[in-house]
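User: I am new to this structure and would like to understand the terms used for it. Could you take me through them with care?

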Amino acid sequence: MEGRGIHSELMSPTVRDARFDRSAMLQRLAEETFDIVVIGGGITGVGVALDAASRGLRTALVERHDFASGTSSKSSKLVHGGLRYLQQREIRLVYQALHERQRLRKNAPHLVRIMPFMIPILTRDGVVSRKIARVLGTSMWMYDLTGGWRIGKFHRRLKKDAAFQHLPTMPAERLSSAYLYYDATVDDARLCLTIARTAAEYGAAVANRCPVVDIARDLDGTATGVVVDADGTHVTVRATVVVNAAGVWADDVRAMAEDAHPDSIRPAKGVHITVPWEKVRNDIAVVVPVPKDKRSLFVVPWGPRGDGTFRNTYIGTTDTDYTGPLDDPQCTKEDIDYVLRALNASITTGVTADDITGVWAGLRPLVKTGRSARTADLSRRHRVVTDAAGVITVTGGKLTTYREMSEDTVDAALDRLTQSGTSGTAKCRTKNLPLLGAGGFREPPPDSPDAHLAARYGTRLDEIYALISADPSLGEPLVAGLAYLRAEAIYAVRNEMARTLDDVLSRRTRARLFDRHASVEAAEAVAALIGPELGWTAAQQLQQAEAYRRSCAVEAAAGTARATVPGLA
Ligand SMILES: Cc1cc2nc3c(=O)[nH]c(=O)nc-3n(C[C@H](O)[C@H](O)[C@H](O)COP(=O)(O)OP(=O)(O)OC[C@H]3O[C@@H](n4cnc5c(N)ncnc54)[C@H](O)[C@@H]3O)c2cc1C
């Protein structure tokens, strides 16, 4: 690792990032022998890769589709302790998550934003339930004491008028007062990608679109690496330790090594919907109760315009048992009705399915327990297990606690490495390890022209500006009505391993989540923009646009009112 420090050099902005070049990575995967190979490029896998690489271990990571294409791009995008887990007496989980929230704020200040959260107290027949007010007050103090204080602010009680200012679409006559507390938000897919790139800066060989099709084993049955399908060729990636971080697919990977399906995961679906901000007009996140259910939903503003207003608000999430195909969970009409019912019980603008501009549905990789509780009541703690072949599987957990999960996993890997005579730097370094773009970052004012790029690339925003100064047309918007620039799509291909149109529109940017219709309208132009970078023919560009449209049409048909997508009946 000598001389490979993350801040040792600033790459020339116009030069392709050699350390995150897929073909170079594929060559390394085939040629080198690693200490650890990680299966899965979600938040858990990339976290393990960064932890291992920064300890000086020779590290590889292979992802079946795209980074964060599983659950890690479909979360509620909160870096939080989880107020409701206190009610489930998961004090340790909340304490650890709030500690991790603080570390993430320090290590990725460009990506993680403090967000005030408001819990309105509404009256029923003009009366405030004393029980609810008391329980909320106690929860607020507990949250602060468990670690909420680390953000530098304690919770507050808001009077009716102040609460109304934050959500002027509330039914004023029913509003009594509110509680205000603080948590944080993050673009989950961008966090994941940034960690993957940081791991690569520390020497990890990282590649997407490399599904693991088998676990390589020696004559004793001990895992000696993985077999991946690299663009149609089977390649063995040799490693002393195999880590399975495949999320809801972890049992499928375990089945490759254990010759039986362990059936240890209980997938729980959660959906979100996006609506134009003007329908809600919340300037902070709001927690709203679901009528006739014990749950609450988050109503989160997204896409600041710099003048105190936002482009969108997203609302979620649900928490239901899921038995369908793991690869493509959909947000159904039933899910949408549930979310709209909760939203419309707390605001007066009457949001309908016609207002929805985007949706996403993800699966929580919850660890099965003997009890058949509701999925919402299952623990979010993680579990690290080593099977007879020596494959280490990490499951459960949360986006917020990925670093701690990764530390535990690499500690377990080190035990195996020590047994096999490999020495690494045993000490975990990720508690204080700035992610790419974090070193020296200073947040620009919200109305600064740099605000959008700074929040996505941190100090690396100059690399986008360099593309624009070489070709000013790249400074134009990528998708009408959204803040993303054409330069960001080029950068995504050259520096962030984007390989498909969907990579660019769903995860490198979040255009699909926030304005699916506009993203479909832009699909052909975006394919034509990135096509030459990826060596696509004109026919391949059209195929990409068509595949994207079809995927959006399936999503639309599954639940939203905008069942028609431009170009498709
Ligand atoms: C609706 C919802 C809301 C949530 N909200 C929050 C929140 O606000 N805050 C929070 O902290 N947490 C939240 N979570 C939890 C958090 O999102 C998950 O715990 C986390 O993203 C799981 O990450 P993972 O890496 O374990 O799984 P994944 O992100 O699913 O990653 C697993 C990866 O493994 C890959 N893979 C599978 N099989 C193979 C193979 N054979 N070869 C190679 N790769 C393979 C997959 O393609 C996938 O990319 C939420 C979860 C859901 C569902």
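This is a predicted model: local features need pLDDT of at least 70, side-chain atom pairs count only at pLDDT 80 or more; totals for chains, interfaces and linings use all residues.

User: Why are α2 and α7 called roughly parallel?

Analyst: Helix α2 (residues 43-54) and helix α7 (residues 188-201) pack at an angle of about 25°, and their axes are 8 Å apart. Angles under 35 degrees count as roughly parallel, over 145 as roughly antiparallel, 65 to 115 as roughly perpendicular and the rest as oblique, and α2 and α7 are therefore roughly parallel to each other. The helices themselves are DSSP runs (H or I, at least four residues), as strands are (E, at least two), numbered from the N terminus. The axes are lines fitted to C-alpha atoms, for helices over the stretch in contact, with angles running from 0 to 180 degrees between N-to-C directions.

User: Which residues meet where α2 and α7 are in contact, and how do they divide into nonpolar, polar and charged?

Analyst: From α2, Ile 43, Val 46, Gly 47, Ala 49, Leu 50 and Ala 53 meet Leu 191, Cys 192, Ile 195, Ala 196, Thr 198 and Ala 199 of α7, where contact means heavy atoms within 4.5 Å. The residues of this contact of α2 with α7 comprise 10 nonpolar, two polar and no charged; Ala, Val, Leu, Ile, Met, Phe, Trp, Tyr, Cys and Pro count as nonpolar, Asp, Glu, Lys and Arg as charged, and the others, Gly among them, as polar.

User: What makes α2 largely enclosed by the rest of the structure?

Analyst: Buried means under 20% relative accessible area, exposed over 50%, and partly exposed in between (1.4 Å probe, protein chains only). In α2, 12 of the 12 residues are buried, so the helix is largely enclosed by the rest of the structure. What covers these buried residues includes β1 (33-39), β2 (59-62), α7, β10 (233-244), β18 (392-396) and α10 (402-419).

User: Is Asp 51 buried or exposed?

Analyst: Asp 51 lies in helix α2, and at 0% relative accessibility Asp 51 counts as buried. Leaving aside neighbours within four places in sequence, Asp 51 is in contact with Ser 406, Glu 407, Val 410, Cys 428 and Thr 430.

User: Why are α4 and α10 called roughly perpendicular?

Analyst: Helix α4 (residues 91-107) and α10 pack at an angle of about 100°, with their axes 8 Å apart, and α4 and α10 are therefore roughly perpendicular to each other. In this pair, Gln 96, Glu 100, Arg 103 and Leu 104 of α4 meet Tyr 402, Arg 403 and Glu 404 of α10, and the residues of the contact divide into two nonpolar, one polar and four charged.

User: What is Ile 114 counted as, and which residues does Ile 114 touch?

Analyst: Ile 114 lies in strand β4 (residues 113-122), and at 33% relative accessibility Ile 114 counts as partly exposed. Not counting residues up to four places away in sequence, Ile 114 touches Arg 105, Ile 151, Tyr 182, Asp 183 and Ala 184.

Methods:
Residues are numbered from 1 along each chain as its sequence is written. Side-chain values use heavy atoms; hydrogens and water are left out.
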